[in-house]
Amino acid sequence: KETELRAKLSNIRDTLTSLTENVESKKDVIGNLEKRLSSMEIQADSYNAELREIGIPADQPTEALRRSVTAFDDKISGLKGEQEAAKKSLQTDEKRISSLAQENLCPLCLQNLTEDYKNGLVQRIQEENDKRQVRISQLTIDVLELQKQRNEANTAFSNLQSLIPRIDDLKIRVKEEKEALTVLTDDVEQKRTQE
């Protein structure tokens, strides 16, 4: 009986040693997973901060974020349309000025014009064109800025999209590993009690 008990005790001690090693190993695994999770969450926070900086609230659902990012395309299209319309008006008025320089006829009603009236009309058209040129330049700057913001938003959104599932998977894995650690710890306590 003593021999039998010694053999059991030896087996329990071997099992206990193995379980203790497994517990330590599991703690290391959990520690590494939590470090990776923390690092990914910091990355996600930085992408969210980039989106907020651009003017997109980052605490929205994914679909709302996607709509906010694609809204940049609509704004850019609108500005480009306005820019194109201003360029066409500019070209039309330049043709009118050219026509007035060659003839003394009004480009709209085709009546004869006095020299003073013609000069005044040319000056008004030229002033309008100068304003249009300033507006076209401003629109070009606005379009470039919006394109830059759109690219930054797209990059941050894409990175966030690829990161979120990985974070969720890691959270699940950490939870599973902690549950496994709890089971192992319980086993260790049982074997110590048996010992």
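Partly exposed, in these notes, means a relative accessible area between the 20% under which a residue is buried and the 50% over which it is exposed. I am working from a predicted model.

**Entry 1: Asp-186**

I began with Asp-186, which has its place in helix H3. I looked up its accessibility and got 47%, so Asp-186 counts as partly exposed.

**Entry 2: Lys-171**

I stayed in helix H3 for Lys-171. Is Lys-171 buried or partly exposed? Its relative accessibility is 41%, so I put Lys-171 down as partly exposed. Then I looked at its surroundings. Leaving out residues up to four places away in sequence, I found Lys-171 touching Leu-37 and Glu-41. I also noted Glu-34, which is 137 residues from Lys-171 in sequence but 8.4 Å from it in space, C-alpha to C-alpha.

**Entry 3: Asn-48**

On to helix H1, which covers residues 2-54 and holds Asn-48. I read a relative accessible area of 16% for Asn-48; the cut-off for buried is under 20%, so Asn-48 is buried. Which residues does Asn-48 contact, once neighbours within four places in sequence are set aside? I found Ala-58 and Leu-160.

**Entry 4: Gln-83**

My next stop was Gln-83, in helix H2, residues 62-102. Its relative accessibility came out at 11%, so Gln-83 goes into my list as buried. I looked for its contacts too, again skipping residues up to four places away in sequence, and Gln-83 touches Ile-136, Leu-139 and Thr-140.

**Entry 5: H2 against H3**

I then turned to how two of the helices pack. How far apart are the axes of H2 and H3? They are 8 Å apart, and H2 packs against H3 (residues 115-194) at an angle of about 160 degrees. Angles over 145 degrees count as roughly antiparallel, so that is how H2 runs relative to H3. I checked the handedness as well: H2 and H3 make a left-handed crossing.

**Entry 6: rings and charges**

Last, I went looking for ring interactions. How many aromatic pairs does a search of the whole structure find? The count is 0. I did find a charge over a ring, though: Lys-75 places its charged end over the ring of Phe-72, 5.4 Å from the ring centre.

Note on methods
Residues are numbered from 1 along each chain as its sequence is written. This is a predicted model: local features need pLDDT of at least 70, side-chain atom pairs count only at pLDDT 80 or more; totals for chains, interfaces and linings use all residues. Side-chain values use heavy atoms; hydrogens and water are left out. Rings of Phe, Tyr and Trp (its six-membered ring) pair if their centres lie within 6.5 Å; planes under 30 degrees apart count as stacked, over 60 as edge-to-face and the rest as tilted. A charge sits over a ring if NZ of Lys or CZ of Arg is within 6 Å of the ring centre and within 35 degrees of the ring normal. Helices (H or I, at least four residues) and strands (E, at least two) are DSSP runs, numbered from the N terminus. Buried means under 20% relative accessible area, exposed over 50%, partly exposed in between (1.4 Å probe, protein chains only). Contact means heavy atoms within 4.5 Å. Axes are lines fitted to C-alpha atoms, for helices over the stretch in contact, and angles run from 0 to 180 degrees between N-to-C directions. Angles under 35 degrees count as roughly parallel, over 145 as roughly antiparallel, 65 to 115 as roughly perpendicular and the rest as oblique. A crossing is left-handed if the near helix is turned anticlockwise from the far one by less than a right angle, and right-handed if clockwise.
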